[in-house]
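Hi there,

Here is the structure I promised to pass on to you. Have a look at it first, and then read on for what turned up in it.

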Amino acid sequence: MKAITQEITEELLAVMDMYQRIARQLIDQLILETDQPDRTEILAGAYHLLSNADVIQGEEELTGNWYFDVHGEAYRKMI
């Protein structure tokens, strides 16, 4: 088994940071650009309340042509 070099470790950490920034951007867009019924709670961190709400501007996608599908929504509604 090969050891992971410092260079690879730094590259992996940079990719993880980039993933986190993109995920945060998309979550923020989803909250701000859709008609989320539980917006106040979601903004406070209750991301499990995110739903496939309508885009406020009547579009089918978010700014930047991002499409979304909130996973687990059907399960949450069954509870």
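Let's start with a term you will need: a salt bridge is a side-chain nitrogen of Lys or Arg within 4 Å of a carboxyl oxygen of Asp or Glu. The structure has one of these. R24 pairs with D28, and their closest N and O atoms are 2.8 Å apart. Both residues belong to helix α1, where they sit four residues apart, about one turn of the helix. R24 is partly exposed, at 34% relative accessible area, and D28 is partly exposed too, at 31%.

Please keep in mind that this is a predicted model. The mean pLDDT of the protein is 87, with 89% of its residues at 70 or more. Among the elements, helix α1 (residues 6-33) has the highest mean pLDDT, 94, while helix α3 (residues 73-78) has the lowest, 50.

Now for the inside. In soluble globular proteins, nonpolar side chains tend to be buried together. Here the largest nonpolar core has nine residues: L30, I31, I42, A46, L49, L50, V55, L62 and V70. Leaving aside residues up to four places away in sequence, L30 touches Q36, L50, L62, F68 and V70.

And what forms a nonpolar patch on the surface? The residues are I4, I8, L12, L13 and M16, with about 500 Å² of accessible area together. One of them, L13, lies in helix α1.

Enjoy exploring!

Technical notes:
Residues are numbered from 1 along each chain as its sequence is written. This is a predicted model: local features need pLDDT of at least 70, side-chain atom pairs count only at pLDDT 80 or more; totals for chains, interfaces and linings use all residues. Side-chain values use heavy atoms; hydrogens and water are left out. A nonpolar core is a set of buried Ala, Val, Leu, Ile, Met, Phe, Trp, Tyr and Cys residues joined through side-chain atoms within 4.5 Å. Buried means under 20% relative accessible area, exposed over 50%, partly exposed in between (1.4 Å probe, protein chains only). Contact means heavy atoms within 4.5 Å. pLDDT is the predictor's confidence in each residue, from 0 to 100. Helices (H or I, at least four residues) and strands (E, at least two) are DSSP runs, numbered from the N terminus. Patches are made of residues with over 30% relative accessible area and no salt bridge: like charges are joined within 9 Å, nonpolar side chains (Val, Leu, Ile, Met, Phe, Trp, Tyr) within 5 Å. Accessible areas come from the Shrake-Rupley method with a 1.4 Å probe; for residues, only the protein chains shown count as cover.
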